[in-house]
Amino acid sequence: MEKLKHLPDDECLMDVDEQAWEILLEKRGGCSCSMCAPCFNCSEPISEEELNDVGYTYEKERLTVMTKRESLEILLLLSSIEAWSLNTTPLLPDYLHEELSEKKEQLTNFILSEEQK
Ligand SMILES: [Zn+2]
């Protein structure tokens, strides 16, 4: 999948990439500003999906690196939730319990792995 370009909140797609803006307008059924400006298709806020369609996103690039400390904190939190859930009613559904165990194991492996700092 092609990487989406980040569109900052204070930027207008029209200014950043005129071609993408025109494609988006086309998908909305075209511009009719000549009849009454700005027309509905031009003034309607752009949704995330519409942006994605033309190769953009509002979302900032995510940091994919999680530190070991953060991982450990999450692991501890999950363990606490798991321990708490054993002593409370209603019980945690099985599938959630399995998922919890699975994630805990993944985190443990990550924390113990050597490649990460
Ligand atoms: Zn228009």
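The secondary structure of the protein chain comes to six helices and two strands, where helices (H or I, at least four residues) and strands (E, at least two) are DSSP runs numbered from the N terminus. Read along the sequence, these elements follow the pattern β-α-α-α-α-β-α-α. The model is a predicted one, in which local features need pLDDT of at least 70 and side-chain atom pairs count only at pLDDT 80 or more, while totals for chains, interfaces and linings use all residues. Residues are numbered from 1 along each chain as its sequence is written.

**Overall shape and domains**

- The protein chain has a radius of gyration of 23 Å, whereas a compact globule of 117 residues would have one near 13 Å; the radius is taken over C-alpha atoms, and the globule rule is 2.2 Å times the number of residues to the power 0.38.
- Along its principal axes, the C-alpha trace of the protein chain spans about 65 × 40 × 25 Å.
- The protein chain is divided into domain 1 (5-57) and domain 2 (68-112), with bounds that come from an automatic or database domain assignment.
- The centres of domain 1 and domain 2, taken over C-alpha atoms, are separated by 43 Å.

**The pair of helices H5 and H6**

- The axes of helix H5 (residues 68-86) and helix H6 (residues 94-112) come within 10 Å and cross at roughly 155 degrees; axes are lines fitted to C-alpha atoms, for helices over the stretch in contact, and angles run from 0 to 180 degrees between N-to-C directions.
- That angle makes H5 roughly antiparallel to H6, because angles over 145 degrees count as roughly antiparallel, those under 35 as roughly parallel, 65 to 115 as roughly perpendicular and the rest as oblique.
- Residues of H5, including Leu72, Leu75 and Glu82, meet residues of H6, among them Lys104, Leu107 and Phe110, and two residues are in contact if their C-beta atoms, placed from the backbone, lie within 7 Å.
- The residues of this contact divide into eight nonpolar, three polar and four charged, with Ala, Val, Leu, Ile, Met, Phe, Trp, Tyr, Cys and Pro counted as nonpolar, Asp, Glu, Lys and Arg as charged, and the others, Gly among them, as polar.

**Cis peptide bonds**

- The peptide bond from alanine 37 to proline 38 is cis, with omega near -10 degrees, and proline 38 has its place in the loop between helix H2 (18-28) and helix H3 (40-43).
- Threonine 89 and proline 90 are joined by a cis peptide bond with omega about -5 degrees, and proline 90 lies in the loop between H5 and H6.
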